[in-house]
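Open the model in your viewer and keep the selection panel at hand.

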Amino acid sequence: MTSPVNAGATTLDQPPSLDRRFFGHPRGLATLFFTEMWERFSYYGLRPLLVLFMTAALASGGFGFDRTEASAIVGIYAASVYLASLPGGWVADRLLGLRRAIQFGAVFISAGHISIALSALAGSKLPFFLGLILIVIGTGLLKPNISAIVGDLYPEGGARRDAGFAIFYMGINIGATVGQIVTGVLGEKVGWHWGFGAAGVGMLLGLVVYTLRAPKTLGSIGLEPTRDPDPGRQARQERNVKLTVAVGFGILALAIVLVATGIVTVSASAIAESMTYVLVGTAVLYFAYIFAAGGLTSDEKKRVVVIFVLFLFAAVFWAAFEQAPTSLNLFARDFTDRQIGGFEVPATWFQSVNSGFIILLSPVFAALWMTLGRRGIDLSSPAKFAMGLLLAGIGFWMMIGAANIILEGGPGTRVSAWWLVGSYFFQTLGELFLSPVGLSSMTKLSPRKYVGQMMGIWFLATAVGNLIAGLAGGHIDPERLEQMPRLFTITTAFLMAAAVLLALLIIPIRRMMATTRNTQL
């Protein structure tokens, strides 16, 4: 009987390092590009509809939720998606292998979207929230592992690998841009569940692409999990993973039953607030543990201090930036003039502005870093972080002006769409300064034995930011106009203060790292 590894190897004509049939890259990159593109189509297509649907009146087909609760639910959902990457990667490494984890993840996500799309027929909120849970589980299995396989296509590393990831991330942003346009017009103009259904169709297309193309283009990459050379230890490892997964699903099922039957009542805002404290506390305790008892050298301890500093400032950035699907989304719906001739632009279309700017500006930033490098100018990671915070602060400072115009004009006042577009432009500039640099810094600064965990810490900062953004997002309300300028002022103040504080820390950090061997910030 042919082993799975050998069977997979026969489907790939040559090693990935020699395969250049997809614009100079392995054919497997095309498979992963289109799978991830459709997955992001579904994720970003669904996300902006959530708060609009949940806050819409019952007569309009929505849930009629309070804005604060709806925004908190979106924050919990988005944070959970990032947190699920940690167990998702662990299950893939220890039990499923990368390829099967992606397959199962795509199936879970597809089932989640179908559940949400069909929830209107059920006359119950349970299928809607069950669908969100399934998407969280599926994304946790798919998202980290598909990126890992992209890296495995380039065992030689180098510039070709960087170019491969650039192409892959372009697929992410194409999916995000198109997804929000398609689901937005269907959800807002035709019916909420048409938009939800379109997002689900996108994920089904991704599942079909992956299922049909992966065996032919990925060879043996990711077919097997990491195995212990000792069969006994391997068997115990698999038993422990299966037991942990079974217990986790059991607890989740029990919680769903208790909430669905009304035995336990929950407040999304209270849960989001508690999760924020727990996650921040967990990060602080983790850093304290590895610093004190992690067996680190003096150089490694200095690098961990820098990672902790960047973690804190990244959380501040994401707490502002991730208001896009909540506060800024509600602002687009309720306070933005969206008429172009006789056509009203769907509010969700503004969510695609960021990803559109990313597609346009990423090559510009890549050229900028190359040009500065040739001239011997290399901004440190803290300097780029500070610039990112400052630019995001300018974006929210613009929203203060828009909010004050509405406050002065009273109920029914709408402002030009250019306020939001301008805000998103500066936020995107901030993201391009901070996000790629953050990922790179985690890999450069992390002690070798903690690289995977430090990447998890980076995603933890994003999760914390989503929770805070969800808690803030409910303060956009036509009946409480005075809250808007206050929200945007507080957000701007935190971003600007963080930018100034981090700028002041650049020189002390540089001096501390000056004695650290082989580490560039």
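Bear in mind that this is a predicted model.

Start with the second largest pocket and colour its lining by residue class: 34 residues are nonpolar, eight are polar and three are charged. The space inside is about 1,700 Å³. Now select Ser 80, Phe 129, Ile 133, Leu 252 and Ile 256: of the 45 lining residues, these are the closest to the pocket's centre.

Next, show the helices around the second largest pocket. Those giving two or more residues to its lining are H3 (67–83), H4 (85–96), H5 (98–122), H6 (126–152), H9 (231–260) and H10 (268–293). Which element gives the largest share of this lining? H9 does, with 10 residues.

Stay on H9. The helix has 30 residues. Its first and last C-alpha atoms lie 43 Å apart, close to the 44 Å expected at 1.5 Å a residue. Select Gln 234, Gln 237, Glu 238 and Val 241, the buried residues of H9. Then step past the end of H9 to Gly 262, where phi is positive, near 80°.

Move to H6. Is this helix enclosed or open to the outside? Of its 27 residues, 20 are buried, so H6 is largely enclosed by the rest of the structure. Centre on Thr 139, where H6 bends by about 30°. Finally, check the length of H6: its end C-alpha atoms are 40 Å apart, which agrees with the 39 Å that 27 residues should span at 1.5 Å a residue.

How values were computed
Residues are numbered from 1 along each chain as its sequence is written. This is a predicted model: local features need pLDDT of at least 70, side-chain atom pairs count only at pLDDT 80 or more; totals for chains, interfaces and linings use all residues. Side-chain values use heavy atoms; hydrogens and water are left out. On a 1 Å grid over the protein atoms alone, a cavity is a set of points where a 1.4 Å probe fits but cannot get out, and a pocket is an open set with protein on both sides within 12 Å along at least five of seven lines; lining residues have an atom within 4 Å of a point. Grid points are joined across faces, edges and corners, and a volume is the space filled by probe spheres set on the points. Helices (H or I, at least four residues) and strands (E, at least two) are DSSP runs, numbered from the N terminus. Ala, Val, Leu, Ile, Met, Phe, Trp, Tyr, Cys and Pro count as nonpolar, Asp, Glu, Lys and Arg as charged, and the others, Gly among them, as polar. The expected span of a helix is 1.5 Å times one less than its number of residues. The bend at a residue is the angle between axes fitted to the seven residues ending there and the seven starting there. Buried means under 20% relative accessible area, exposed over 50%, partly exposed in between (1.4 Å probe, protein chains only).
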